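This report describes selected features of one protein model. Please examine the sequence and the structure shown here before reading on.

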Amino acid sequence: MLLAAESGVAELLVTEKGAWVLTDEIEAERLRAEELPAQFEFHVHPWAEPARREAFVVEATDAGKVLSDRPHPGEDPLPQALSACKLVLLPEELERYRRVGRLASGAMREVLGAARPDWTGYQLAGAGAEALWARGLHPALTLAAGERRLPLYRHATPSHERLGREAMLVFCARGQGLYANLTRFVHFGTLDPERSKLHRQVRSIESVVLDLSRPGTSLADAYHALAESYHKHGYPEAIRQHHQGGLTGYQARETIATPDSPEVLLASMIVAWNPSLPGSKVEDTFALSEDGTLENLTFDPDWPSVEVAGRLRPVPLER
């Protein structure tokens, strides 16, 4: 599967009469042997004849209406209410998520603990990707920036430039289809007061949206609360300079919060907020519970942290 794609090499067709995994001859044997339980029924088509897959769908559904989260021509998108069900995870999915989060945060700590000021952004991102692959995770996204580029770009793709005195590394790490999103910083030397203040402000802004991350809150409410918090900290335009994250799960960003987002948070949904200011950002992946508490799926007890509004939040690693 292409790392740049969020759709896989197989589809699942479910009707009143049965359920089938739809894939081609290239992928079928590996899926049977390594990824899917034995009870799954397959429909396998020649790789050069993808139309046979669609013909099977028509036959299995008696040429009826087909709803899909990735609709082909002639298919309808899933209703919003049904799509939302995918975002509410089952206990076994949450357990898988915990494992993915632990592995991703461990990879992050390993890489930033080894990084050097003379590394390039490409070297940092490459080391991040290697650490994720070694743990069985897909590096779906690795962003990296050093001292000069950090204040300039919110989405800092890696470059040949040396890191210098500080660096940021961002992961969207995919494991068993689930995304663990997190951001961390390393500072080579003592963090100066101006930088410390910037990170402190971002953590304070984040605490506002984390407090709101409970069942019943709409993504629009979260967006407006962030906008107000930026304004109170003296950055009224910051909300426009970078998206703030939102729901995650089987896509790196299932839904990004906007001023008009109608989606409402429910228990067992997953959020990954990423408020930022020039040169600073904070991000982890959280599971929502019925009582409004948050479980940090990417928390690393061995990473330096401070308490903010009752939660341990990451601070830059000083080396």
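## Ala140 and its surroundings

Leaving aside neighbours within four places in sequence, Ala140 is in contact with Leu3, Cys172, Arg174 and Tyr179, where contact means heavy atoms within 4.5 Å. Ala140 belongs to strand β6. Helices (H or I, at least four residues) and strands (E, at least two) are DSSP runs, numbered from the N terminus. With a relative accessibility of 25%, Ala140 counts as partly exposed; buried means under 20% relative accessible area, exposed over 50%, and partly exposed in between (1.4 Å probe, protein chains only). Between the C-alpha atoms of Ala140 and Gly245, which are 105 residues apart along the chain, the separation is 16 Å.

This is a predicted model, in which local features need pLDDT of at least 70 and side-chain atom pairs count only at pLDDT 80 or more, while totals for chains, interfaces and linings use all residues. Residues are numbered from 1 along each chain as its sequence is written, and side-chain values use heavy atoms, with hydrogens and water left out.

## The second largest pocket

Rolling a probe the size of a water molecule over the atoms shows where empty space is left. On a 1 Å grid over the protein atoms alone, a cavity is a set of points where a 1.4 Å probe fits but cannot get out, and a pocket is an open set with protein on both sides within 12 Å along at least five of seven lines; lining residues have an atom within 4 Å of a point. Grid points are joined across faces, edges and corners, and a volume is the space filled by probe spheres set on the points.

The second largest pocket has a volume of about 230 Å³. Its lining has 18 residues, and those closest to its centre are Ala140, Leu141, Cys172, Ala252 and Arg253. The elements that give two or more residues to this lining are β6 (138-146) and β7 (166-175). By type, the lining of the second largest pocket divides into 9 nonpolar, 4 polar and 5 charged residues. Here Ala, Val, Leu, Ile, Met, Phe, Trp, Tyr, Cys and Pro count as nonpolar, Asp, Glu, Lys and Arg as charged, and the others, Gly among them, as polar.

## The largest cavity

How many cavities of 30 Å³ or more does a search of the whole structure find? The search finds 3 of them, and the largest cavity holds about 90 Å³ of space. The residues that line the largest cavity include Thr183, Phe185, His199, Lys281, Trp303 and Pro316. Two or more lining residues come from each of β8, α6 (193-212) and β13 (280-281), and β8 gives the largest share, 3 residues. The lining of the largest cavity divides into 6 nonpolar, 3 polar and 3 charged residues.

## Nonpolar cores

In soluble globular proteins, nonpolar side chains tend to be buried together. A nonpolar core is a set of buried Ala, Val, Leu, Ile, Met, Phe, Trp, Tyr and Cys residues joined through side-chain atoms within 4.5 Å. The largest nonpolar core has 26 residues, and those with the most contacts inside it are Ala104, Leu112, Leu124, Leu132, Leu169 and Phe171. At least two residues of this core come from each of α4 (91-114), α5 (121-134), β7 and β8 (178-187), and α4 gives the most, with 6 residues. Apart from this core lies another, of 24 residues, among them Leu219, Leu226, Leu277 and Val282.

Not counting residues up to four places away in sequence, Leu124 touches Val111, Leu112, Ala115, Trp119, Ala144, Leu163, Ala167, Met168 and Leu169.

## Two residues in loops

Is Ser261 buried or exposed? Ser261 is buried, because its relative accessible area is 6%. Ser261 is placed in the loop between β10 (255-256) and β11 (270-273). Among the residues that Ser261 touches, not counting those up to four places away in sequence, are Ser218 and Ile256. A polar atom of the Ser261 side chain lies 2.8 Å from the backbone nitrogen of Thr258.

Asp62 lies in the loop between α2 (51-60) and β4 (67-68). Asp62 counts as exposed because its relative accessibility is 54%. Phi of Asp62 is near 55°, a positive value in a residue other than glycine.

Key
A polar contact is a pair of N or O atoms within 3.5 Å; within protein, one must be able to donate a hydrogen and the other to accept it, and residues adjacent in sequence count only if both atoms are side-chain atoms.
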